[in-house]
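I opened this structure for the first time today. These are my notes on what I looked up, in order.

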Amino acid sequence: SLRKKYHLEDWDKISKEVKEDLKKIPSIIYSTREKIVPYLGVRHIAGIKKWEPYAKARYIEYIHKKANDQVDFKADKSQFNVAFIGRFVPVKRGDIFYMIAKTIIRENPGYNIHFYMIGDGPLRQDIEQEVMREGLDNKIHITGFVENAAPYLKQMNLLLFTSEHEGLPMTLLEAISLGVPVASRDIASIRRVLCDGKCGFIAET
């Protein structure tokens, strides 16, 4: 287990000292201290290096718990599944994801590969219409908004980022925690987390 691997005390029985130290960790994703999600790429967490393994382990455990939530979705494990997770807005460049999917499908008709666009936003209808017009709805699937994307992400073989820029995407940290490979455009914040391409794929665009 994660606790055994990191030699951690049980979360419900942690000492007052640990609780006080955890309060000093910046809440990068969530606003409440009870849902601390540390940045996996940092070397130190608020200067408290001794608690870094503890915080990371707690984060990974939290993501795995989220990923086990029951959802009405089941990807076919016999196919290669690629995901876009995010808002359908210009900066996320869902159009690029769609064009990549379309090109791969058209040029490799024998590939058993499916693309999932998970999210919602003002540009969703445009992409949906394009998918239907091109007759690609059997290979490109648009789920709409989901409250918790982790159970979907867990079933993917690749998470693809096509954004023009990003801060620290929650889905990136979730993918790393769940062991899902990541490919991305060359975005500084993602490059840092992916260790300059050693922990994922960075496209030179």
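**Notes on the core, a helix and a pocket**

I started with leucine 159. Setting aside neighbours within four places in sequence, I found leucine 159 in contact with Ala83, Ile85, Leu153, Thr171, Leu172, Ala175, Val180, Pro181, Val182 and Ala183. Contact here means heavy atoms within 4.5 Å.

Before going on, I noted the ground rules. This is a predicted model: local features need pLDDT of at least 70 and side-chain atom pairs count only at pLDDT 80 or more, while totals for chains, interfaces and linings use all residues. Residues are numbered from 1 along each chain as its sequence is written, and side-chain values use heavy atoms, with hydrogens and water left out.

Next I looked up the largest nonpolar core. A nonpolar core is a set of buried Ala, Val, Leu, Ile, Met, Phe, Trp, Tyr and Cys residues joined through side-chain atoms within 4.5 Å. Buried means under 20% relative accessible area, with a 1.4 Å probe and protein chains only. The core has 26 residues, and Ile85, Leu153, Met156, Leu159, Leu172 and Val180 touch the most other members. Two or more residues each come from α3 (52-67), β1, β2 (113-118), α6 (150-153), β4, α7 and α8 (188-193). Helices (H or I, at least four residues) and strands (E, at least two) are DSSP runs, numbered from the N terminus. With four residues, α7 gives the most to this core. Another core lies apart from it, with 18 residues, among them Val82, Phe115, Ile127 and Ile140.

I then turned to α7. How many of its nine residues are buried? Eight are, so I call α7 mostly covered, buried being the cut-off already noted. Met170, Thr171 and Glu174 are among the buried residues of α7. Glycine 179 follows α7, and its phi is positive, near 75°.

The largest pocket came next. I noted that 25 residues line it, and that Ile85, Gly86, Ala149, Met170 and Thr171 lie nearest its centre. A pocket is an open set of points on a 1 Å grid over the protein atoms alone, where a 1.4 Å probe fits, with protein on both sides within 12 Å along at least five of seven lines; lining residues have an atom within 4 Å of a point. β1 (80-85), β4 (158-161) and α7 (170-178) each supply at least two lining residues.

Last, I checked the whole chain. It has eight helices and six strands. Of its 205 residues, 43% count as buried.

How values were computed
Buried means under 20% relative accessible area, exposed over 50%, partly exposed in between (1.4 Å probe, protein chains only).
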